[in-house]
Amino acid sequence: MQAFYALATEDYRQLVAARPWDADLSGHAVDGRVRLLDVACGSGKFPTALLAGGLPVRPVVEVDLLDPSAFSIAEARAALAPPFIAAGEHEVFLQDFSGTDYDVAWATHALYALPPAELAAGVAKMVAALRPGGFGAVAQASSRSHYLTFYDAYRASFAPDATPYTDAEGVAEALRAAGAPVEVQVLHYRTGTSDRAVAEGFLQRCAFDDALSLDEMEASEVLGSYLAGCRDSQGAYEFQHKAHLITWRQP
């Protein structure tokens with residue numbers, strides 16, 4: 001995970017810089033407080049990045065943490081600091097959630113493993129969780145971003161029966177079908193490293209396969225070809241990212 005976040009932390013820095021999150025939170029506060037649903041909260045990297053970016057300590061943001069992993073919920077809870085305070089915990093899949101009346105709901109690089117057959121139901125639950133006038137945000141890599149193209153190449157080389165990752169285009173379509181009037185902001189950026197150990201750990205996490213070495217990835221036909229295109233003349237890795245920041249205000 002340390003190797004993964006050596007590069008993936010940039011995903012959250014890009015999100016922080018993309019819009020005025022302090023205004024998004026303060027503009028949806030009720031009586032000086034915000035009820036926030038953090039969907040697939042992971043290890044709390046997005047709130048951490050907001051804090052590092054100088055998020056004001058007001059209004060108070062009461063965070064409900066939703067994730068099917070108890071470990072992730074505990075990690076995310078430990079990462080919170082004012083203005084974020086931990087409130088509820090929901091150890092469930094998004095598609096099984098039934099909470100309502102949140103002022104803000106977000107899912108930041110969090111919906112990749114939501115199966116295509118369950119995407120519509122899961123996204124509809126997120127939309128339904130917001131109160132009228134509430135604010136929703138989803139950050140997701142596009143079909144042409146590293147995370148998606150890498151995983152497709154990994155599947156072709158090593159795991160043909162694995163479920164594809166959900167892309168930003170599919171999420172936006174599902175949100176529109178659920179009645180969310182979405183706006184999409186496209187973020188282009190790069191991450192890279194000349195450290196093979198960091199590259200290996202990062203790519204293993206991208207594939208959720210810690211047993212596969214970088215040498216094995218590079219030697220494979222489809223994945224090896226993709227990775228060869230990600231290297232510069234000095235052999236360092238550089239990954240191209242195209243993320244969609246999808247936002248809406250609940251009718």
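User: In which sense do β1 and β4 pair, and over how many bridges?

Analyst: In this predicted model, β1 and β4 run parallel to each other and are joined over 3 bridges. Within that pairing, the residue standing opposite W106 of β4 is D38.

User: And what joins β4 to β5?

Analyst: Those two strands also run parallel, with 6 bridges joining β4 to β5, and one of the residue pairs is T108 with its bridge partner A139 in β5.

User: What's the strand order of the whole sheet?

Analyst: The sheet is open and has 7 strands, which follow the order β3-β2-β1-β4-β5-β7-β6 with mixed pairing. Its edges are formed by β3 (84-90) and β6 (183-193), each of which pairs on one side only, and from one strand to the next the twist averages 20°.

User: Which helices pack on it, and which strands do they touch?

Analyst: Helix α1, covering residues 2-18, packs on the sheet and touches β4 (102-108), β5 (130-141), β6 and β7 (237-249), with its direction at about 145° to that of β6. Helix α4, residues 70-79, also packs on the sheet, where it touches β2 and β3 and its direction makes about 165° with that of β3.

User: How do β2 and β3 pair?

Analyst: Strand β2, residues 60-66, pairs with β3 in the parallel sense over 5 bridges, and L65 has E89 of β3 as its bridge partner.

User: Staying with β3, is I85 buried, exposed or partly exposed?

Analyst: I85, which is found in strand β3, counts as partly exposed because its relative accessibility is 34%, and partly exposed is the class between buried, under 20%, and exposed, over 50%.

User: What is I85 in contact with, leaving aside its neighbours within four places in sequence?

Analyst: With those neighbours left aside, I85 is in contact with R33, V60, V61, E62, V63 and L80. For E62, the separation is 23 residues in sequence, while the C-alpha to C-alpha distance is 5.1 Å.

User: Changing topic, how many residues are in the largest nonpolar core?

Analyst: The largest nonpolar core has 57 residues, and F84, W106, Y147, F150, F202 and L227 are those with the most contacts inside it. Helix α1 supplies the largest share of this core, 8 residues. There is also a second, separate core of 25 residues, which includes Y102, L114, V123 and M126.

User: What does W106 touch, not counting residues up to four places away in sequence?

Analyst: With those residues not counted, W106 touches W21, L25, L36, L37, D38, V39, F46, P47, L50, F84, M126 and A137. As for its strand, 7 of the 7 residues of β4 are buried, so β4 is described as mostly covered.

User: Now α5: which of its residues are buried, and where do they sit around the axis?

Analyst: The buried residues of α5 are L119, G122, V123, M126 and V127. Seen down the helix axis, these buried residues fall within an arc of 140°, so they line one face of α5. The face turned away from that buried side carries the exposed residues A117 and A120.

User: What covers those buried residues of α5?

Analyst: The elements covering them include β1 (33-39), β4, β5, α7 (168-177) and β7.

User: What span should α5 have, and what distance separates its end C-alpha atoms?

Analyst: Helix α5 has 13 residues, 116-128, and at 1.5 Å a residue it should span 18 Å; its end C-alpha atoms are 19 Å apart, which agrees.

Technical notes. Residues numbered from 1 in each chain as written. Predicted model: local features only at pLDDT ≥ 70, side-chain atom pairs only at ≥ 80, totals over all residues. Heavy atoms only, no water. Pairing = 2+ DSSP bridges. Helix = DSSP H or I, 4+ residues; strand = E, 2+ residues; numbered from the N terminus. Axes fitted to C-alpha atoms, helices over the stretch in contact; angles between N-to-C directions. Contact = heavy atoms within 4.5 Å. Core = buried A, V, L, I, M, F, W, Y, C linked by side-chain atoms within 4.5 Å. Buried < 20%, exposed > 50% of the residue type's maximum accessible area, 1.4 Å probe, protein only. Expected span 1.5 Å × (residues − 1). Arc of directions from axis to C-beta.
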